[in-house]
Amino acid sequence: MPPNGVVPSELEMASLQPLLNGILKLPPAKPSQIPRPAAANLCSNRLLIIDDDPDLGRLVKDAAQRVGYEVFVTKNPSAFMEKARTWQPTVIMLDLGMPGTDGVQLLRGLGEHSCVAEVILISGADDKVLGSAIQLGRARGLKMGGVIQRPIQLETLSNFLIRCQAAKILLSEDLANAITADQLFLEYQLKLDCHVARMTGVEALVRWRHPVLGVIQPDQFIPLAEENELIHRLTDWVVMTAATQMAAWQVDNPALGIAVNISAKNVQDLTLPDRLHKFCRTAGIDCASITLELTETGAMREALQMMDVLTRLRLKGFKLSIDDFGTGFSSLVQLQKMPFSEVKIDRSFVIHMMNDESCMIIVEILIDLASKLGLKSVAEGVEDEAALHSLISMGCDVAQGYHLSRPLAADRIPAFIAEYQLIRGVTKAPKAHFPSPFTNARAWRRRKTATRPHTPLSALA
Ligand code: C2E
Ligand code: MG
Ligand code: MG
């Protein structure tokens, strides 16, 4: 039995499937295919509630605690946003119509902070308003779990909370097995060196082929792996697999490098540098071929232990990149103190920079900052030709994005690199000559001449 005494019944497990389908946007599975979770509670359940009715808050808190949730109730929007960011709630209940603020504003805030909790709306509003609030939440990347109408039926609420809990237990248990059962696989996204117009690297991105639910994207399971320490085994598997793959590619492309994502939890582990070094030795590749990408939020939790691990990784030859740069709260002093070799500009700026002047300015400043600090600049989220040209003109070192390549299966990478060089047609192209790998040479030229000129940066100031 889990510590909270709640084991989902067969019936609850069957009703869990539509919920999982909703979260993962997958076709329904047959009831016989639904696996039952082992009775273990591997991760904490946290419910964050914002409602201005203290009686309702108390009632819901009581009901949620009875089914094993930690609960935080507030009527203050700032306290709510702060908790949503720092406390990692698994479920959020949000009153749509509070005086002074409204649920839609809060949904926007949650979306901006890439909140991963299941969001339930509490409302007495009509169906149309609710429908558009749910759509808005989804458009902002939130997991909209549904609506609870006032007056709240506590039994309905408890059942919903149990199902959310069960979904997590189910995935956590399965994830532990997935690593040994060979269900994880890597896709690789190519990176373009803007100075020589060649594909000189790839980023390894993990996916999970779940036997029932199909392919699950990393945003859905990396947080789970981080919560219950599976992240160490997962990272070992990713680095080992990527290093072995790299050794095979380097036979024909000796200069190719590979980037692997690591979690903030990994860099708290003092044994990480030696393990990763061993994996590279076993695969027969140089540690310098691997760039370890750590998200900015993870990188800026400045702790002695993390500094120790990062410094030793650098001494062993690994390169270190700050991923999603611009979304966290790093100070220039921290950036200068940490042993990073690369800054990876978050895709949210790059995707919008051709239509949004402030994004363009941020990208330009970050490229400049990286260059002045002696760090390599990488822009991810390059979705069109104009953005690529703009980045090149700003002096960006490396570009990555759907315009250059989608994440691909390993066996497609060598042909993709070769095709790119072939379309380019010359070995040392002038900077402006960047072929798109999605088109043949003639189509490329047509598109290139059709590309409208972008606003020069000097005109934006
Ligand atoms: P990330 O490291 O920032 O990876 C880039 C993500 O942006 C990838 O999503 C990629 O598919 C997507 N992307 C690339 N180019 C474009 C573009 O032009 N437009 C748009 N809209 N998106 C683009 P993916 O594969 O879903 O990965 C999401 C995140 O999951 C990664 O973000 C990374 O933080 C994490 N992740 C992936 N693999 C691993 C892993 O092996 N270990 C760890 N710890 N985290 C991983
Ligand atoms: Mg990354
Ligand atoms: Mg990133």
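Leu404 is buried, since 21 other C-beta atoms lie within 10 Å; a residue is classed as buried at 20 or more other C-beta atoms within 10 Å of its own, as exposed at 12 or fewer, and as partly exposed in between, with C-beta atoms placed from the backbone. The residue sits in the loop between strand S14 (398–400) and helix H16 (413–424). Helices (H or I, at least four residues) and strands (E, at least two) are DSSP runs, numbered from the N terminus. The C-alpha atom of Leu404 is 7.8 Å from that of Lys191, although 213 residues along the chain lie between the two positions.

The model is predicted; local features need pLDDT of at least 70 and side-chain atom pairs count only at pLDDT 80 or more, while totals for chains, interfaces and linings use all residues. Residues are numbered from 1 along each chain as its sequence is written, and chains are lettered from A and ligands numbered from 1 in the order in which they are written.

The protein contains 18 helices and 14 strands. Of its 461 residues, 37% count as buried. Among contacts between residues at least 6 apart in sequence, 69% join residues at least 24 apart, a contact being a pair of C-beta atoms, placed from the backbone, within 7 Å.

The shell around ligand 1 has 25 residues, of which Val206, Pro218, Asn261, Gly401 and Tyr402 come nearest; the criterion is a C-beta atom, placed from the backbone, within 6 Å of the molecule. At least two residues each are supplied by strand S7 (198–210), helix H7 (218–227), strand S9 (257–262), strand S10 (290–295), strand S11 (319–325) and helix H13 (347–352). H7 gives the most, with 3 residues. By class, the shell has 10 nonpolar, 8 polar and 7 charged residues, where Ala, Val, Leu, Ile, Met, Phe, Trp, Tyr, Cys and Pro count as nonpolar, Asp, Glu, Lys and Arg as charged, and the others, Gly among them, as polar.

Two helix pairs were examined. Helix H8 (residues 231–250) packs on helix H9 (residues 272–283) at an angle of about 30 degrees, with the axes 9 Å apart. H8 is therefore roughly parallel to H9. The contact involves Asp236, Val239, Met240, Ala243, Thr244, Met246 and Ala247 of H8, and Arg275, Leu276, Phe279, Cys280 and Ala283 of H9. Its composition is 9 nonpolar, 1 polar and 2 charged residues.

For helix H4 (residues 103–112) and helix H5 (residues 127–139), the axes come within 9 Å and cross at roughly 15 degrees. H4 is thus roughly parallel to H5. Gly103, Val104 and Leu107 of H4 meet Ala133, Leu136 and Gly137 of H5, giving 4 nonpolar, 2 polar and no charged residues. Axes are lines fitted to C-alpha atoms, for helices over the stretch in contact, with angles from 0 to 180 degrees between N-to-C directions; angles under 35 degrees count as roughly parallel, over 145 as roughly antiparallel, 65 to 115 as roughly perpendicular and the rest as oblique.

Most residues other than glycine have a negative phi. Asp182, in the loop between helix H6 (154–180) and strand S6 (184–193), has a positive phi near 65 degrees and is exposed, with 9 other C-beta atoms within 10 Å. Asp324, in strand S11, has a positive phi of about 55 degrees but is buried, with 20 C-beta neighbours inside 10 Å.

Notes:
Contact = placed C-beta atoms within 7 Å.
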